[in-house]
Amino acid sequence: MQVTLIQGLLIGLFALIAGIDFWLEGLYIFRPMIVCTVTGAILGNLTLGIIAGGLTELAFAGLTPVGGTQPPNPIMAGIMTVVLAYTTGKTPSTAIGLALPFSILMQYIILFYYSAFSVLTKKLDAYAANVETKKFTRLALLPTVLVALTYGVIAFLCVYGAQEPMKALVNSMPVWLSHGFEIAGNILPAVGFGLLLKKSMLKAEYVPYLLLGFTAACFIKFGNLMPVAVIGISLAFIEFYHNKKQTDNEKKLKSMIESASGNGDDGDGI
């Protein structure tokens, strides 16, 4: 399958918008689930986008920036996973592994921007000290504009400009190498979800929910994972209302204690 010029431009435009969102972390449309779905819709294969989005989202679930570290870029990973699967006919799990170089390339570009934009801080401090609001606003918006344009240009060049070399490279790969990428792509979602559990979710108080969901998913025959999601939502509501009731009781108890201590201030000198 070929990516047309219009499709390439639309994907570049979406990458520009998602890049701004990733830079500002506003609406979280930069997540692979959204990126892959939108890319698949632009290419006319929404099913491929949704499947690739689920796999890529799991792979990036536990990859979050910590301190000065920056994980592979989720936007380029999502876009290129769908594009590579669409143009080469490979499965989404294979395309995830093939998309990582593009994701890492964007990662290094963003890291360069982090360092380069630090030189603007002194100028911004000077504008703020002199209350030059217009100059401050223009300079503050400059990094966002540059990052957005970079996302759009890189995405367009990778999706449309380099599609033939990419297709030739992938088709020339031996079977064992393609199979290796497929295995790596199947492992990445498990690694991402494992990192998510280790870093934030695998706490002692959450283990019963993990065991309950794991047991339901493994030993009850489901046509899809929707029943597991419903179970998870139900448990979340139970936990929410339990905590809400506990908080209300604590507030009432605190109010009663304060009221009792206030009433005990009588005029008998005690």
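**View 1. Thr150 in helix α7.** Thr150 has its place in helix α7, where a helix is a DSSP run of H or I with at least four residues, a strand is a run of E with at least two, and both are numbered from the N terminus. The model is a predicted one, in which local features need pLDDT of at least 70 and side-chain atom pairs count only at pLDDT 80 or more, while totals for chains, interfaces and linings use all residues. Residues are numbered from 1 along each chain as its sequence is written, and side-chain values use heavy atoms, with hydrogens and water left out. Thr150 is buried, because its relative accessible area is 13%, and buried means under 20%, exposed over 50% and partly exposed in between, with a 1.4 Å probe and protein chains only. When neighbours within four places in sequence are left aside, Thr150 is in contact with Met106, Ile109 and Tyr113, contact meaning heavy atoms within 4.5 Å.

**View 2. Helix α7 along its length.** Helix α7, residues 133-161, has 29 residues and reaches 41 Å from its first C-alpha to its last, close to the 42 Å expected at 1.5 Å a residue; the expected span is 1.5 Å times one less than the number of residues. At Leu142 α7 bends by about 30°, and the proline Pro143 follows within four residues; the bend is the angle between axes fitted to the seven residues ending at a residue and the seven starting there. The buried residues of α7 include Leu139, Pro143, Val147, Tyr151, Ile154 and Cys158.

**View 3. The kink in helix α5.** Helix α5, residues 92-116, has 25 residues and spans 35 Å between its first and last C-alpha, close to the 36 Å expected at 1.5 Å a residue. A kink of about 35° lies at Ala99, shortly before the proline Pro101.

**View 4. The packing of helices α2 and α4.** Helix α2 (residues 32-42) and helix α4 (residues 74-88) pack at an angle of about 35°, with their axes 8 Å apart; axes are lines fitted to C-alpha atoms, for helices over the stretch in contact, and angles run from 0 to 180 degrees between N-to-C directions. The contact is made by residues including Val35, Cys36 and Thr39 of α2 and Ile75, Gly78 and Ile79 of α4.

**View 5. The protein as a whole.** The secondary structure comes to 11 helices and zero strands, and buried residues make up 33% of the 270 residues.
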